[in-house]
2 protein chains.
Amino acid sequence: MARKNLLYAQSGGVTPVINATACGVIETARNHRDQIGKVFAAKDGILGALREDLIDTSKETKSVVAGLRHTPGGAFGSCRYKLKSIEENLAEYERLIDVFAAHNIGYFLYNGGGDSADTAHKVSQIGKKLGYPIQCIGVPKTIDNDLPITDVCPGFPSVAKYVAVSIMEASLDVMSMASSSTKVFILEVMGRHAGWIAAAGGMAQRETGDPPHIILFPEVTFDEAAFLAKVETSVKKYGYCSIVVSEGVKNPDGQFLADAGTRDAFGHAQLGGVAPVVANLVKSKLGYKYHWAVSDYLQRSARHIASKVDAEQAYAVGKAAVDYCLQGKSGVMPVIERTSDKPFRWKIAEAKLSKIANREKKMPKGFITRDGFGITNRCRTYLEPLIRGEDYPPYDKQGLPKYVRIKGILVNKKLDEWSA
Amino acid sequence: MARKNLLYAQSGGVTPVINATACGVIETARNHRDQIGKVFAAKDGILGALREDLIDTSKETKSVVAGLRHTPGGAFGSCRYKLKSIEENLAEYERLIDVFAAHNIGYFLYNGGGDSADTAHKVSQIGKKLGYPIQCIGVPKTIDNDLPITDVCPGFPSVAKYVAVSIMEASLDVMSMASSSTKVFILEVMGRHAGWIAAAGGMAQRETGDPPHIILFPEVTFDEAAFLAKVETSVKKYGYCSIVVSEGVKNPDGQFLADAGTRDAFGHAQLGGVAPVVANLVKSKLGYKYHWAVSDYLQRSARHIASKVDAEQAYAVGKAAVDYCLQGKSGVMPVIERTSDKPFRWKIAEAKLSKIANREKKMPKGFITRDGFGITNRCRTYLEPLIRGEDYPPYDKQGLPKYVRIKGILVNKKLDEWSA
């Protein structure tokens with residue numbers, strides 16, 4: 001029987017290390033040419049699979065594939081597209097199976113979060129029903145760090161390191177001029193539903209008085225009075241106040257502070273931008289001079305300051321996914337299992353997609369301090385090993401990172417055009 | 001005659017490498033204990049000198065002083081305080097001389113921009129008049145890169161590297177999802193009067209089509225129609241549009257776009273934040289989904305991605321300033337002279353403070369493309385060597401940079417309290 005080909009697809013928001021996972025997938029598959037045929041990558045995620053836009057990675061050089069390990073963004077493209085339920089839209093699943101059949105695809109690796117795990121799970125089931133058995137493996141990824149079972153989601157540790165380093169550096173800046181200038185600095189970070197990324201800012205704090213002095217979590221309803229009191233105390237005690245705020249912070253009405261906030265010259269509500277809202281609040285109520293930063297995509301693409309542990313885990317889940325294919329597995333996901341905090345040890349473990357799909361892991365209550373403005377030692381114990389080690393990309397003579405670009409050659413289509 | 005002491009003061013906004021200059025000053029002075037007594041550092045800049053708040057750097061360990069070389073912020077503190085003219089406020093100058101005399105200070109090193117050069121110049125003159133000759137040396141620093149004569153201002157190249165790397169990384173993120181998600185990304189950078197920092201973003205562009213597709217300079221009046229047309233062309237041609245905008249961009253009325261822009265929930269004008277203004281313009285006129293980032297202090301403190309050339313030059317001007325003291329010089333500033341582009345060669349040259357004081361170096365017209373949205377090859381030739389090389393700080397086992405903190409022990413005061 002002819003060797004089956006493998007289809008790899010990235011899903012949802014990209015991360016600084018999702019391409020390291022792709023690298024793990026492709027390099028591992030290339031080491032088993034006897035069992036696995038070609039590795040195709042869906043262009044722009046699952047949409048590429050539906051459109052039959054399949055990138056032939058065998059056309060990419062060894063050095064470009066190796067370079068994916070240190071290149072941010074999603075080299076093959078990604079998208080935000082959730083397949084409907086089989087009941088609602090069987091046609092989409094049938095189309096996927098048609099594409100698999102047309103290109104002799106026997107392995108489907110879906111690299112994403114909870115939704116993707118759900119999709120991969122369904123595809124594995126429908127395949128059987130339609131008489132085209134396909135091995136579906138989910139591969140974890142999300143900077144939100146909200147997947148269950150796994151100790152951590154590849155992508156998150158690098159964002160965490162970026163946020164911790166950034167708030168540490170910016171705070172040194174503010175501290176040095178606070179006596180006569182800016183007294184309050186606010187850094188906005190991602191995390192609409194979970195405060196994992198905001199919590200990472202807390203890692204910059206080593207001793208009492210160290211910045212950040214305040215962290216605002218989506219899990220904690222914004223208490224204006226308590227917040228302002230804490231800002232004032234910090235400024236009086238330390239001369240300045242350094243704040244990390246999550247984009248997902250809500251006011252007592254359950255409304256995002258960001259939405260409640262700024263309007264532009266045309267009167268449109270301004271998406272993003274909770275930092276300016278908080279900054280203006282501080283200015284109007286306390287009169288302190290402020291500065292604010294919104295890191296937005298910078299935090300999600302800062303491969304130049306990636307976590308070594310993250311880069312290794314991202315590669316490892318890609319490798320493990322291919323190993324699972326070779327072992328005939330399906331409907332599973334390789335996850336990170338922490339076997340020891342000190343010394344930090346981890347290994348790849350197998351989890352059922354049905355157990356991962358559509359479940360969100362919130363920050364444990366015990367990770368946020370009583371006053372709701374900081375992280376506990378339990379949280380530090382969890383986060384600390386994740387941001388350990390640097391994994392710098394190579395730089396060219398011009399002083400910029402050597403990030404690779406793929407050729408992205410598509411295979412010839414064999415099916416009619418797909419219409420959603 | 002007793003050895004004279006040296007007073008070092010930092011001025012204005014800090015940089016990722018201003019402490020490297022302090023390190024150069026202190027280490028060089030320590031190598032000449034026979035000629036130079038103690039090195040005092042004014043706490044919080046010139047205000048510390050007026051208040052007689054003098055940090056005794058001889059109390060700092062060798063390793064802490066060495067650590068200043070890779071620590072961002074201003075270790076001894078800085079301030080925004082410009083001495084008035086001698087006519088307006090002779091008392092301030094007399095106070096400085098009193099402090100110098102009280103602590104046997106014979107050398108005054110003022111590390112800052114144009115204003116500081118002016119101050120150092122005046123102090124050197126008034127010293128003679130008042131019968132207390134003091135050697136005043138200006139030391140260049142400013143991320144705005146707007147000092148005359150010097151090829152570059154220490155601090156700028158590291159900010160330039162941060163901006164170039166950041167827009168390169170964020171653009172890879174946007175590119176990978178543009179087909180179904182965000183199509184326009186906007187990064188706001190500093191530079192209220194000069195576009196040097198915004199121009200640095202252009203270094204990420206290697207080939208036609210590379211990001212950033214648009215740079216908005218303070219030197220170029222914002223042309224809404226031309227801008228929107230360029231955004232649309234980029235999205236149609238490349239699938240997305242990556243933009244670097246300087247905080248100092250003005251509309252045809254000469255008003256800052258940022259000020260013209262967002263108001264918060266309380267109706268206050270929002271300081272900073274030209275990025276959201278541009279983003280909302282794009283959304284309202286073209287309907288593209290956007291994301292924006294404001295790097296603010298992050299760009300000015302990102303020592304973790306500092307330019308090696310910058311770190312070396314920052315140290316060199318500190319060392320040279322002390323050498324000038326030993327050579328009996330005064331009223332001068334060590335500046336960077338570029339002796340060759342390819343291969344890049346530079347050396348320290350001597351400039352008169354009177355030639356530096358209160359003069360602003362704008363970006364040459366020939367550095368901005370005809371259409372006003374990009375940088376020319378001449379600009380690249382200038383910028384390229386400056387961001388070359390990485391100079392990573394050491395990291396601790398917890399994965400964070402080993403930034404040092406000084407003890408900051410003050411010398412006993414000998415004068416009455418100063419009142420402004």
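Predicted model: local features only at pLDDT ≥ 70, side-chain atom pairs only at ≥ 80, totals over all residues.
In which segment of chain B is B:K413 found? B:K413 belongs to the segment that follows α13 (377-383) of chain B.

**Confidence**

For the complex, the predictor reports an ipTM of 0.96 together with a pTM of 0.97. Within chain A, the mean pLDDT is 94, and 97% of the residues reach 70 or more.

**Overall form of chain A**

Chain A contains 13 helices and 11 strands. Its radius of gyration is 23 Å, which agrees with the value near 22 Å that a compact globule of 420 residues would have. Along the principal axes, the C-alpha atoms of chain A fill a box of roughly 75 × 45 × 40 Å.

Of the 420 residues in chain A, 65% are buried. Among contacts in chain A with a separation of 6 or more, 76% are made by residues 24 or more positions apart.

**Two residues in their surroundings**

| Residue | Relative accessible area | Class |
|---|---|---|
| A:D56 | 3% | buried |
| B:K413 | 47% | partly exposed |

A:D56 lies in strand β3 of chain A, which spans residues 54-56. Is this aspartate, A:D56, buried or exposed? A:D56 is buried because its relative accessible area, 3%, falls under the 20% limit. Leaving aside residues up to four places away in sequence, A:D56 touches A:K38, A:V39 and A:F40, as well as A:I409 and A:V411.

B:K413, by contrast, is partly exposed: its relative accessible area of 47% lies between the 20% and 50% limits. Which residues does B:K413 touch, not counting those up to four places away in sequence? They are B:R51, B:E52 and B:D53. With B:R51, the separation in sequence is 362 residues, while the C-alpha atoms of B:K413 and B:R51 are 9.1 Å apart in space.

Definitions and conventions: Residues numbered from 1 in each chain as written. Chains lettered and ligands numbered in written order. Heavy atoms only, no water. pLDDT = per-residue confidence, 0-100. Helix = DSSP H or I, 4+ residues; strand = E, 2+ residues; numbered from the N terminus. Rg over C-alpha atoms; globule rule 2.2 N^0.38 Å. Buried < 20%, exposed > 50% of the residue type's maximum accessible area, 1.4 Å probe, protein only. Contact = heavy atoms within 4.5 Å.
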